[in-house]
Amino acid sequence: MDLALQSRILFGLTLGFHIIYATIGVGMPLLLLLAETMGIVKKDQQYRLLARRLAKGYSITVAVGVVTGTIIGLQLSLLFPGFMKIAGQVISLPLFMETFAFFFEAIFLGIYLYTWSRFKKPLFHLLVLIPVAIGSGLSAFFITTVNAFMNTPQGFTIENGAIANIEPLKAMFNPATPTKVAHVLTSSYMTTAFVIAAIAAWFILRGHRNEYYKKALRLSMMVGLIFAVATAVVGDLSGKFLAAYQPEKLAAAEWHFETKTHADLLVGGTLDRTTNEVNYALRLPSMLSFLATDSFQGEVTGLNDIPKENWPPLIIHYWFDLMVGIGSFMIVLSCIFVACRIWKPQLEWNRWLLGLIVLGGPLSMLAIEFGWIFAEVGRQPWILRGYMTVAEAATTSPDVGAMLVLFSVIYALLGILTVYVLVRMARRNPVEPLLDARSEQT
């Protein structure tokens with residue numbers, strides 16, 4: 001493998017590992033906020049206990065997320081020094097601000113974790129959590145603007161090979177920022193909710209049918225439904241953004257070669273690379289035109305009108321389908337659960353339904369991974385679209401391969417250690433004795 005490809009694989013591995021913790025880091029404060037608010041408003045100790053137990057697990061994921069997030073910053077500089085020559089001057093503001101957002105979040109998270117019994121009024125403890133949620137959201141916002149800048153760079157010019165006329169705010173608030181940030185936030189809230197729902201459903205299936213797990217499942221599934229729908233709406237807006245600013249990415253995602261109106265949306269299928277014929281795909285008539293232009297008659301640019309050297313890898317079609325497919329499945333699943341709760345309560349704890357919810361946790365996290373693969377691979381061959389390719393930005397160091405092996409081992413150990421600690425915490429602190437103790441206190 002050439003060095004550019006090795007660098008891409010190593011950075012992709014780091015990003016793929018980090019995104020698990022980053023997603024939980026963004027989404028969990030909202031779940032904590034809702035659970036503790038429900039506990040205070042309803043004077044329900046079970047909701048407050050839920051918030052407390054989630055916060056303990058959250059602290060573990062934050063710790064690992066900090067480590068992997070730091071590695072991402074270092075690897076970006078070491079693996080793609082050509083990119084950082086531009087980014088360091090043009091888009092450094094959000095990189096700098098993301099650090100402050102994290103400090104803001106971490107300080108109040110520490111206060112929140114160690115003041116459960118310090119306040120006479122629970123409301124004061126809840127107020128400490130608000131800056132944590134704000135800080136995590138701001139952290140996601142700032143770092144996502146950097147990724148958005150890579151897709152639609154602006155706020156600078158290149159004159160005689162040198163960067164000039166730098167406008168940091170214009171670079172930060174580029175055309176990709178609104179949809180990118182909205183998609184990251186909504187999908188993080190959605191995924192975190194479905195992961196919590198999967199854990200609650202797992203315990204219910206194992207025979208823990210007390211109200212604590214039922215309330216956890218109901219709360220997380222309702223949040224999951226809301227943000228799954230919100231993610232789908234933002235996804236629709238993202239399709240229109242791609243049609244306007246990155247038509248090659250949308251065309252590659254749908255194996256759309258000829259510029260035309262009434263373009264079909266393709267689901268699945270296989271591609272004959274010699275003739276560009278698509279076989280065995282499910283065709284949704286005119287839906288690609290609607291996704292791109294809000295009109296079934298809209299014209300969608302095809303790959304044949306784009307220089308072939310600028311085509312993204314056509315395999316992104318499958319990543320796009322998997323991301324959308326899982327998202328659609330989670331919307332349907334959460335709708336069924338909420339409908340059962342409202343109209344058929346006896347079906348709310350159906351074992352098949354609970355089993356699908358358990359499956360939905362890892363599936364929703366996979367959807368996040370597929371989405372990022374689609375986003376990053378779909379930008380190829382560019383690292384800074386229209387200005388610099390990945391090959392131009394990549395390092396010339398011969399040690400990338402060794403680092404790839406080393407970090408693969410490190411991430412495997414970190415992942416195993418995270419799961420071990422979280423499982424051990426749950427086993428050593430079962431919820432039933434805690435519920436009994438709280439009921440005696442009240």
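Author: D236 and K240 both lie in helix α8 (residues 211-245), 4 residues apart, about one turn of the helix. Helices here (H or I, at least four residues) are DSSP runs, as are strands (E, at least two), and both are numbered from the N terminus. D236 and K240 form a salt bridge, with the closest N and O atoms 2.9 Å apart. The term means a side-chain nitrogen of Lys or Arg within 4 Å of a carboxyl oxygen of Asp or Glu.

A word on the source. This is a predicted model, where local features need pLDDT of at least 70, side-chain atom pairs count only at pLDDT 80 or more, and totals for chains, interfaces and linings use all residues. Residues are numbered from 1 along each chain as its sequence is written, and side-chain values use heavy atoms, leaving out hydrogens and water.

Now the exposure of this pair. D236 is partly exposed, with a relative accessible area of 24%. K240 counts as buried, at 16% relative accessibility. Buried means under 20% relative accessible area, exposed means over 50%, and partly exposed is in between (1.4 Å probe, protein chains only).

E248 lies in helix α9 (residues 247-253) and R385 in the loop between β7 (382-384) and β8 (388-389), so the pair ties together parts that are 137 residues apart in sequence. E248 is buried, with a relative accessible area of 7%. R385 is partly exposed, at 24%. Back to D236 and K240: salt bridges that share partners join them and D294 into one network.

Then R48 and E36. These two form a salt bridge, with the closest N and O atoms 3.0 Å apart. R48 lies in helix α2 (residues 45-79) and E36 in helix α1, so the pair ties together parts that are 12 residues apart in sequence. R48 counts as buried, at 12% relative accessibility. E36 is buried too, with a relative accessible area of 0%.

Leaving aside residues within four places in sequence, I383 is in contact (heavy atoms within 4.5 Å) with F80, F83, M150, M388, T389, V390 and A393.
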